[in-house]
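Welcome! Here is a guided walk through a protein model, written for someone meeting it for the first time.

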Amino acid sequence: MATKSKAASAGPRRTVAENRKARFNYEFVETFEAGLELTGTEVKSLREGKAMIAESYASAEGDELFLINAHIPEYLQGNRFNHDPKRPRRLLMHRRQINRLIGATQREGMTLIPTRLYFNDRGRAKLEVALAKGKKVHDKRQTEKDRDWQRDKARLLRERG
């Protein structure tokens, strides 16, 4: 009889870090799921729920994609085997997806923005990466107006019953 592992019992897609400002600053064209090449102490630190991807981005170096500027703090019990908190981490994706994303960033001027770092139902650390275009100032204003209107509309409907 098979027993459930700790990762499976934690529930599907446990979010570790989220980039909430990304949707405001960028217009997402498409999202992808990528694995991360991590060391043991990085995984343990992520399992504690400590990570920041707000200022990070994905970049192409050669024919590979790397997550740059993501902060995964050192694991407290890691002693000399600890990792560098801001080291570049390789993204694990299919070759076709990597080539497509590299082409889109080079030809069309798009950027790769990490939106969410989570553990999937098998307990693997995954990164949701969005292929995005930067929003102009007037687009950001329009987004803010729409959000305010939705909030006011919900309040008015609640008051009416």
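What follows goes from the overall layout to the core, and then to some individual residues.

**Layout**

This is a predicted model, in which local features need pLDDT of at least 70, side-chain atom pairs count only at pLDDT 80 or more, and totals for chains, interfaces and linings use all residues. Residues are numbered from 1 along each chain as its sequence is written, and side-chain values use heavy atoms, with hydrogens and water left out.

The protein has five helices and seven strands. Both kinds of element are DSSP runs numbered from the N terminus: helices are H or I runs of at least four residues, and strands are E runs of at least two. The C-alpha trace spans about 55 × 45 × 35 Å along its principal axes.

Of the 161 residues in the protein, 34% are buried. Here buried means under 20% relative accessible area, exposed means over 50%, and partly exposed is in between, using a 1.4 Å probe and protein chains only. A contact means heavy atoms within 4.5 Å. Among contacts between residues at least 6 apart in sequence, 67% join residues at least 24 apart.

**The nonpolar cores**

In soluble globular proteins, nonpolar side chains tend to be buried together. A nonpolar core is a set of buried Ala, Val, Leu, Ile, Met, Phe, Trp, Tyr and Cys residues joined through side-chain atoms within 4.5 Å. Which members touch the most others in the largest nonpolar core? They are Leu46, Leu65, Leu91 and Leu117, out of 27 residues. At least two residues of this core come from each of strand E1 (14-18), strand E2 (26-36), strand E4 (64-68), helix H4 (95-107), strand E6 (111-119) and strand E7 (125-134). Another core, of five residues, lies apart from it and includes Ala22, Ile113, Ala130 and Ala132.

Leaving aside neighbours within four places in sequence, the contacts of Leu65 include Arg89, Arg90, Leu91, Met93, Ile98 and Leu101.

Beyond four places in sequence, Phe28 is in contact with Ala22, Arg23, Thr115, Ala130, Leu131 and Ala132.

**Helix H3**

Helix H3 (residues 40-47) has Thr41, Glu42, Ser45 and Leu46 as its buried residues. Why do they line one face of the helix? Seen down the axis of H3, they fall within an arc of 140°, so they line one face; the arc is that of the directions from the helix axis to the C-beta atoms. Elements covering these buried residues include E1, strand E5 (89-92), E6 and E7. After H3 comes Gly49, with a positive phi near 85°.

Asn69 also has a positive phi, of about 70°, although it is not a glycine. Most residues other than glycine have a negative phi. Asn69 lies in the loop between E4 and E5 and is partly exposed at 27% relative accessibility.

**Charges over rings**

A charge sits over a ring if NZ of Lys or CZ of Arg is within 6 Å of the ring centre and within 35 degrees of the ring normal. Two cases are shown here:

| Charged residue | Ring | Distance from ring centre |
|---|---|---|
| Arg47 | Phe119 | 4.4 Å |
| Arg116 | Tyr118 | 4.2 Å |

**A buried loop residue**

Asn120 is found in the loop between E6 and E7. Is Asn120 buried or exposed? Asn120 is buried, because its relative accessible area is 12%. Its side chain has a polar atom 3.1 Å from the backbone nitrogen of Arg122, and the Asn120 side chain also reaches the backbone nitrogen of Arg124 at 2.8 Å. These are polar contacts: pairs of N or O atoms within 3.5 Å where, within protein, one must be able to donate a hydrogen and the other to accept it, and residues adjacent in sequence count only if both atoms are side-chain atoms. Not counting residues up to four places away in sequence, Asn120 touches Arg13 and Lys126.

**Along helix H5**

Leu157 sits in helix H5 (residues 137-160) and counts as exposed at 55% relative accessibility. Leu157 and Asp139 are 18 residues apart in sequence and 27 Å apart in space, C-alpha to C-alpha. Lys140 is also in helix H5, and is partly exposed at 25% relative accessibility. Beyond four places in sequence, Lys140 touches Phe24, Asn25 and Lys135.
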